[in-house]
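Please keep the sequence and the model at hand while reading.

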Amino acid sequence: MSSETRKFGQALIIGGSIAGLLSARVLSEHFEKVIVLERDALPAGPEARKGAPQGHHIHALLEAGLRILDDLFPGMTREMESEGVERIDMARDAAWLQSGSWKARYEGDVESILVSRPFLESKVRGRVAALPNVELREGVSVEHLVLDATNRRVVGVRVKGPEGEQELRGALVVDASGRGSRTPQWLELLGFGAVAQEQVRIDLGYTSRLYERPEGVDAWKILVINGRAPDASRSGFISNVEGHRWIVSLNGYFGDHAPTHDAGFLEFARQLPTSHLYDYIRQARPLSAPVLHKISSSRWLHYERLARMPAGLVLVGDAVCSLNPVFGQGMTVAALGAKLLGEGLARSRGASEGPPAQMSRRFQKELGKVVGLCWMLTTTQDLAYPRAEGARKPGLKLLQWSFNNMIDLTSVDARACQRFYDVLHMRKGLEGLLDPVFARALLGYNLKSLVVPRAQRANLDTLPPHPSAPPPRPSGRLDNAA
């Protein structure tokens with residue numbers, strides 16, 4: 001059998017999260033059998049799981065994640081669109097007050113979909129469950145990793161489930177168990193040392209509920225209100241989702257969390273940096289009670305830095321890095337992790353017994369590059385709050401000043417805004433912001449900020465209208481004078 005057709009034996013995935021399901025889809029091309037081990041009872045339809053309390057809240061799928069979803073599950077997004085999910089151009093269809101200035105709106109072809117987490121997870125789970133070599137096991141708790149006789153390779157897991165305790169063997173174990181991953185404790189007990197981690201403590205809470213979408217609101221499909229740090233620590237989101245509904249999420253840092261009763265929820269919305277969100281929801285009909293979810297910190301576990309990383313084990317999704325959900329990057333990072341995993345396995349298909357020993361470390365290093373960009377973008381903004389607890393590196397204040405100017409520049413310059421979206425939606429890496437044309441525009445704007453008041457060089461007040469007739473895509477040079 002050729003290396004192109006040969007498959008490895010059995011793979012085990014800890015957790016039936018989005019990261020776990022996408023990994024299962026990828027592994028199904030490289031393993032004879034894939035078993036997903038999920039602690040929860042899996043819902044039959046689009047319902048939030050106990051193990052994913054964030055499912056009640058707004059989620060984003062950035063363009064890079066959408067592209068991977070389309071590749072892994074051909075036709076699925078079209079199917080979701082036929083059931084009420086909207087595919088949008090973020091540059092055109094989003095009204096976004098970011099850090100106190102309104103994003104320019106134009107025809108930008110920055111694609112995303114507006115969908116609730118339970119609906120998307122249900123669709124992905126259905127596709128994965130239909131794969132002939134994938135098995136989803138519910139009510140199974142993974143208790144420990146199992147090593148081979150050399151104590152250098154993970155060869156399985158010890159599980160506890162309806163049939164009692166047993167050992168399952170696998171040529172590869174993927175930890176997709178999310179923020180509650182026990183792998184750091186397991187590795188330390190097994191002698192691999194402590195996993196280094198970075199944390200930024202933000203004590204974030206977000207409170208969400210569903211509304212019936214009123215008729216006649218077509219100026220935007222997603223509305224985002226973010227204040228400017230350090231003065232404003234609240235934000236709010238309204239997004240269209242399937243079922244002709246809105247999902248509304250109100251976020252607050254440092255214990256300032258939106259209440260879960262009607263009057264308190266509305267009052268929190270009224271006190272956002274602008275009244276737009278409050279004005280839209282105050283007369284809309286609620287369809288669910290407000291639900292609060294808290295996240296104490298953003299966290300990045302640096303498995304790529306371990307002096308000894310066991311072969312046969314990789315970690316994906318929130319088990320590696322749990323980002324501030326306000327920035328909407330989590331599902332896309334999970335998708336990119338699954339893609340990297342597939343690419344690594346494709347390179348390894350010539351191996352006779354299983355994935356090579358060096359694959360685990362190589363994969364974590366490659367994933368670390370993806371995570372690093374997201375971590376930089378989010379923590380740079382979070383650390384602008386004096387109450388945020390985390391390492392502040394030399395030069396951070398200068399970076400934050402320039403970053404805020406970049407955001408203001410995107411409120412008046414569509415070309416600059418497009419470059420920002422290219423990086424945010426992971427069309428490009430950080431090099432997208434280092435492009436000479438963009439860099440010259442930002443330098444000019446930085447200099448301008450030293451002498452021109454912010455209100456005279458950025459759009460702080462006016463919600464940009466939806467283009468009634470799509471204008472041409474931004475072209476030509478960046479407008480330094482804007």
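A search of the whole structure finds eleven aromatic pairs; rings of Phe, Tyr and Trp (its six-membered ring) pair if their centres lie within 6.5 Å, and planes under 30 degrees apart count as stacked, over 60 as edge-to-face and the rest as tilted. The model is predicted: local features need pLDDT of at least 70, side-chain atom pairs count only at pLDDT 80 or more, and totals for chains, interfaces and linings use all residues. Residues are numbered from 1 along each chain as its sequence is written, and side-chain values use heavy atoms, with hydrogens and water left out.

**Aromatic pairs**

- Y253 and Y385 form a tilted pair, with 4.9 Å from centre to centre and 35° between the planes.
- This pair links distant parts of the chain, 132 residues apart: Y253 is in the loop between β15 (245-252) and α7 (262-270), and Y385 is in the loop between α10 (359-382) and α11 (396-409). Helices (H or I, at least four residues) and strands (E, at least two) are DSSP runs, numbered from the N terminus.
- Y253 counts as buried because its relative accessibility is 6%, and Y385 counts as buried at 7%. Buried means under 20% relative accessible area, exposed over 50%, and partly exposed in between (1.4 Å probe, protein chains only).
- The ring centres of W300 and W375 are 5.8 Å apart and the planes lie at 55°, so this pair is tilted.
- W300 in strand β16 (residues 291-301) and W375 in helix α10 are 75 residues apart, and their pair also links distant parts of the chain. Both residues are buried.

**A ring cluster and charges over rings**

- W96, F420 and Y421 are linked into a cluster by ring pairs.
- The charged end of K103 sits over the ring of F420, 4.6 Å from the ring centre. A charge sits over a ring if NZ of Lys or CZ of Arg is within 6 Å of the ring centre and within 35 degrees of the ring normal.
- R234 lies over the face of F268, at 3.8 Å from the ring centre.

**Helix α9**

- Helix α9 (residues 330-347) has 18 residues and should span 26 Å at 1.5 Å a residue; its end C-alpha atoms are 26 Å apart, which agrees. The expected span is 1.5 Å times one less than the number of residues.
- α9 is mostly covered, with 13 of its 18 residues buried.

**R179**

- R179 is in the loop between β11 (172-175) and α6 (183-189).
- With a relative accessible area of 29%, R179 is partly exposed.
- Not counting residues up to four places away in sequence, R179 touches I295, S296, S297, R299, D318, A319 and S322; contact means heavy atoms within 4.5 Å.
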